[in-house]
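Dear colleague,

I am passing on the structure below, together with notes on what came out of going through it. Please read them alongside the coordinates.

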Amino acid sequence: MASDEDLQKADAKYEQLVAARNNKIVKLRNRSGLSMDELAKAMGYAGQSSIQRYLSPFYEKGFRPEVARRFYDALIGRGDPPITDADLQVFFALNLFLPGADVFLHPSEGGQTAAPIDAPTALKLFRAATWK
């Protein structure tokens, strides 16, 4: 069993990773040249209130495949330099893929298999599940 100190270190590391991920996502939106409202509409939402939680520096959950796909479709190829597939792996960097499930879940959302996978592998699994 992990000690309290180990758990605190793990929490601190996770918070650092979340902050880095969220910062990258904000930079991608800025690089795209889209306002938050324009991005939301490009994603098929009515307006910015539908996506503002995902762009918050405090958003620490993972991205469900349908949300990640909307971000992917709205951002890919935009900006200078154009946003690439590799840039968009940030949406999968902290997610867990649950084998046999159709969603990526962070442990706080009920993720039960504690085996994190790297972002490129998560992106491949996501494509396999959603690019039909």
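Predicted model: local features only at pLDDT ≥ 70, side-chain atom pairs only at ≥ 80, totals over all residues.

Residues are numbered from 1 along each chain as its sequence is written, and side-chain values use heavy atoms, with hydrogens and water left out.

The protein has four helices and two strands (DSSP runs, H or I of at least four residues for helices and E of at least two for strands, numbered from the N terminus), and from the N terminus on the elements run α-α-α-β-β-α.

Helix 1, residues 4-32, reaches 42 Å from its first C-alpha to its last, close to the 42 Å expected for its 29 residues (1.5 Å times one less than the number of residues). Its buried residues include V18, I25 and L28, and their cover includes helix 2 (36-42) and helix 3 (65-75). Just after helix 1, G33 takes a positive phi of about 85°.

R29, also in helix 1, is buried yet has no salt bridge, the nearest side chain of opposite charge being E38 at 7.0 Å (a salt bridge needs a Lys or Arg side-chain nitrogen within 4 Å of an Asp or Glu carboxyl oxygen; Lys and Arg count as positive, Asp and Glu as negative, and His and the chain ends are not counted). A polar atom of the R29 side chain does, however, lie 2.9 Å from the backbone oxygen of L34. Leaving aside neighbours within four places in sequence, R29 is in contact (heavy atoms within 4.5 Å) with L34, S35, M36, L39 and L55.

Best regards

Definitions and conventions: Buried < 20%, exposed > 50% of the residue type's maximum accessible area, 1.4 Å probe, protein only. Polar contact = N/O pair within 3.5 Å; in protein donor to acceptor, adjacent residues only side chain to side chain.
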